[in-house]
Amino acid sequence: MNACLKEKGVNFSFIFPALLIFSVFYIYPFIYTFILSFQRGDGIYISEFVGLANFKEVLFYDKDWWPSMFYGGFITFFALTFQNVVALLLALAVDKAIKTGKIYRVIFFVLCVLSEIIIGLLMRQILISNPGIFNQWLDKLGLGFFLHNWLDAKKILFQVGNVKITHALVTTALVHSWKGFGWAFVILLAGLQAIPEQLYESARIDGARSYQSFLNITLPLLTPVIVLVFILTILGTMQAFAMILALTRGAGGLTEVPVMRIYNHLRGSQVGLACAEGIVLGVILIAISFTMLRISKWVRSRWGVLPS
Amino acid sequence: MHLSKVVWCFIVIIALISGCAPRQDTDEKKIVIWHWMNDRKSAFEELAKRYTSQTNIPVKFKLFFPPDIYSQKVIAAARAGSLPEIFGILGEKKSLSSFIKAGHILDLTPVMKENANEWKDSFYPQTLQTTVFEKGNFYDVKPGIYGVPIDTTLMQFVYNRELFKRAGLDPDKPPQTFDEFITYAQTIKDKLGVDGFICGWGEGWLLNCLATEWAINIMDEQRFIQTLEGKIPYTDEKWIQVFSLFEKIKDSGILAADITTMINKEAEDAFSKGKAAFSFNGSWSVNVYKQLSPELDYAFFSLPKAANASFKIWGGAGSSFMVKAKSSNKDEAIKFLKWLTARKQQKFLIKNTNNLAAIKGCEQDLPPILSPLTDNLDRLTHPNIWPYNEDSRVIEVMNKGLQQTVMGVKTPQEVAQEVQQIKQRVGRR
């Protein structure tokens with residue numbers, strides 16, 4: 001009994017530094033965020049306990065919160081579809097030509113290494129209408145008819161109630177996808193390389209065509225990786241902030257995403273409200289992640305990868 | 001063996017915990033100052049050297065840039081109890097009031113009033129007023145003077161004289177009225193193909209400054225304050241008139257493209273390169289334009305009036321320093337701030353940073369471009385001197401509404417209604 005306790009004590013002493021750091025930098029701020037979300041104050045002087053008032057404000061009264069969730073959702077939808085499809089196609093191409101794959105891996109991944117702010121500022125210089133570098137290229141290539149104010153927030157493509165989809169939002173979604181596809185590419189490539197080559201050989205012997213191999217071998221076995229990429233894409237994109245701030249500064253609220261709202265409330269000394277928004281966003285993202293996992297399990301069981 | 005591992009773990013943990021502990025004030029006479037003023041870094045460092053050579057007291061200016069980072073640093077330090085002897089606070093007066101109520105800032109009233117108000121009276125009244133809390137103030141702060149201004153800032157229109165000449169306009173006669181402003185900007189745009197007006201309207205506060213100046217011009221300051229108090233709604237016809245000015249500017253076609261996603265640095269860069277005829281900027285821009293384009297021929301002018309009535313200029317203390325209430329070196333910190341705001345040091349700052357002084361009597365030393373601005377010092381107004389302050393959520397809705405008006409996405413009436421709705425809801429809370 002004594003020896004067992006001693007052994008546990010020694011084991012605990014090894015994980016204690018990590019536990020301490022995790023508690024100080026993760027658990028304490030997390031709990032403190034909860035406490036602040038029930039208060040009205042600016043982080044310096046807490047004036048009063050307000051119960052659930054901040055959550056009510058976020059969920060029912062703040063006219064900009066749900067549009068910001070929609071704008072974040074729109075950029076996420078773009079990333080889930082356009083970005084991840086491009087990443088998958090490139091991963092498939094590189095997987096087949098693995099000898100030159102290392103170079104492509106570096107080329108495609110390098111964008112992810114760059115700071116979001118730098119990408120935002122660079123893309124702004126390229127895309128602004130006067131004297132935007134992109135427009136100049138188009139002009140020189142004889143594509144003058146395509147000249148455009150790419151960050152134009154007044155050009156509404158379609159509107160649903162209070163929510164307006166503008167050119168600026170679509171451009172933001174494209175830039176975000178362009179910057180982020182490297183992550184998805186690397187993860188999907190690793191997933192593809194983990195699929196045993198013998199399965200493809202057997203399929204070929206049985207006379208399966210490429211698309212049949214893809215549908216019946218690649219896609220089912222890649223499903224866990226695709227789900228992981230989807231979850232990471234949703235979490236990453238819904239929390240996107242710096243690049244959008246540098247690119248459009250929210251464009252009068254028309255490209256404002258949830259984290260930008262949280263940031264604006266922090267700057268406006270509404271710390272309680274900002275914390276409540278952070279918690280609401282966190283809960284929504286956790287719910288989405290769990291739903292994705294359930295869907296993934298269901299899909300895999302349908303394909304026979306997992307027992308149903 | 002195990003025992004030695006446990007001892008080592010204990011030492012590491014103690015070291016970690018003590019590393020996280022707040023800095024203890026020592027009796028050492030050293031003054032540390034935190035600031036965010038990137039453009040004044042070298043001037044401050046030179047002044048610190050001079051003070052140290054005169055008094056043998058080490059002075060260290062620590063720059064944290066950009067301002068957002070600085071603000072978060074000060075808030076974190078306040079909570080951790082590790083503020084330096086002297087620091088500045090960015091943001092609204094509400095933030096300053098929170099720091100005071102939390103006991104972080106020293107009331108300087110006794111030292112300001114020494115020798116028959118000698119130090120207090122050396123400042124421009126409107127500049128000092130931004131750090132003063134009167135009896136029965138809106139913020140429920142103990143009355144007092146809580147900061148030392150080191151310069152004065154005001155927001156003005158600025159125009160490119162060279163473009164005026166090239167467009168056949170008299171460079172010594174800037175527009176006096178709103179209609180003249182639009183006409184001049186259109187003329188320059190039509191003749192020279194440059195933008196009529198540029199400003200960092202991606203930063204909502206610049207729109208808010210301008211809206212405030214026009215609101216006071218159209219409805220007078222008293223009625224403006226009554227709106228903040230909740231006695232006059234934002235849906236009042238005078239307010240709609242104010243919001244409509246932004247729609248008129250948009251309709252005139254003088255605005256630079258991307259203006260609502262542009263930061264002020266970008267607008268300053270474009271104006272300094274002659275890409276726009278007019279801009280709306282602070283007096284600090286003299287230093288910025290000098291660095292970006294030393295040959296730029298430009299001048300400031302007062303608000304182009306939208307109504308035939310008096311007007312006010314948004315301005316006051318550009319930057320102020322506060323003394324940490326619990327500092328063991330507060331007497332030395334006060335002595336240093338007195339020295340910093342003495343005429344000799346203020347003149348040094350004018351020469352090296354091209355800002356208006358915080359104290360009276362330095363007008364002769366101002367660069368020619370800044371001299372005319374001193375005529376407007378009695379017109380200064382600022383949220384920090386108003387008896388009521390607008391809630392940040394109301395300001396946010398107004399700024400976004402104006403940005404969308406400039407884009408043509410919202411009408412002035414819609415903006416007025418949205419601002420009034422949030423005003424009523426915030427008032428109820």
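Buried residues make up 33% of the 308 residues in chain A, where buried means that 20 or more other C-beta atoms lie within 10 Å of a residue's own, exposed means 12 or fewer, partly exposed is in between, and C-beta atoms are placed from the backbone. This is a predicted model, in which local features need pLDDT of at least 70, side-chain atom pairs count only at pLDDT 80 or more, and totals for chains, interfaces and linings use all residues. Residues are numbered from 1 along each chain as its sequence is written, while chains are lettered from A and ligands numbered from 1 in the order in which they are written.

- Chain A has 12 helices and 4 strands; helices (H or I, at least four residues) and strands (E, at least two) are DSSP runs, numbered from the N terminus.
- The C-alpha trace of chain A spans about 80 × 75 × 35 Å along its principal axes.
- Among contacts in chain A between residues at least 6 apart in sequence, 68% join residues at least 24 apart; two residues are in contact if their C-beta atoms, placed from the backbone, lie within 7 Å.
- Between the chains, 28 residues of chain A are in contact with 33 residues of chain B.
- Helix 1 (residues 2-37) of chain A gives the largest share of the side of chain A that touches chain B, 5 residues.
- That side of chain A divides into 12 nonpolar, 12 polar and 4 charged residues; Ala, Val, Leu, Ile, Met, Phe, Trp, Tyr, Cys and Pro count as nonpolar, Asp, Glu, Lys and Arg as charged, and the others, Gly among them, as polar.

**Domains of chain B**

- Chain B is divided into domain 1 (27-151 + 318-375) and domain 2 (154-315 + 390-428), with bounds that come from an automatic or database domain assignment.
- The C-alpha centres of domain 1 and domain 2 of chain B lie 29 Å apart.
- Their contact takes 12 residues from domain 1 of chain B and 10 residues from domain 2 of chain B.
- On the domain 1 side of this contact in chain B, the residues are 6 nonpolar, 4 polar and 2 charged.

- In chain B, 5 strands form an open sheet in the order 2-1-3-12-6, with mixed pairing; two strands pair if DSSP finds at least two bridges between them.
- Strand 2 (59-63) and strand 6 of chain B stand at the edges, each with a single partner strand, so one side of each is left without a neighbour in the sheet.
- Helix 2 (residues 41-55) of chain B packs on the sheet and touches strand 1 (31-35) and strand 2 of chain B. The direction of helix 2 makes about 165° with that of strand 2 of chain B; axes are lines fitted to C-alpha atoms, for helices over the stretch in contact, and angles run from 0 to 180 degrees between N-to-C directions.
- Strand 3 (residues 86-87) of chain B pairs with strand 12 of chain B in the antiparallel sense over 2 bridges, and Phe87(B) has Met322(B) as its bridge partner.
- Strand 6 (residues 148-149) of chain B also pairs with strand 12 of chain B in the antiparallel sense over 2 bridges, and Val148(B) stands opposite Phe321(B).
- In a regular strand the side chains alternate between the two faces of the sheet.
- In strand 12 (residues 320-323) of chain B, Ser320(B) and Met322(B) point one way and Phe321(B) and Val323(B) the other way, and all are buried.

**A helix pair in chain B**

- Helix 10 (residues 204-229) and helix 16 (residues 392-407) of chain B pack at an angle of about 90°, with their axes 9 Å apart.
- Helix 10 and helix 16 of chain B are therefore roughly perpendicular to each other, a term for angles of 65 to 115 degrees, with those under 35 counted as roughly parallel, those over 145 as roughly antiparallel and the rest as oblique.
- Residues of helix 10 of chain B in this contact include Leu207(B) and Ala211(B), and those of helix 16 of chain B include Ile395(B) and Leu402(B).

**Backbone details**

- Most residues other than glycine have a negative phi, and most peptide bonds are trans.
- The peptide bond from Phe65(B) to Pro66(B) is cis, with omega near 5°, and Pro66(B) is found in the loop between strand 2 and helix 3 (67-80) of chain B.
- Ser269(A) has a positive phi, near 60°, and counts as buried with 23 C-beta neighbours inside 10 Å.
- Asn115(B) has a positive phi, near 50°, lies in helix 6 (residues 114-122) of chain B, and is exposed, with 9 other C-beta atoms within 10 Å.
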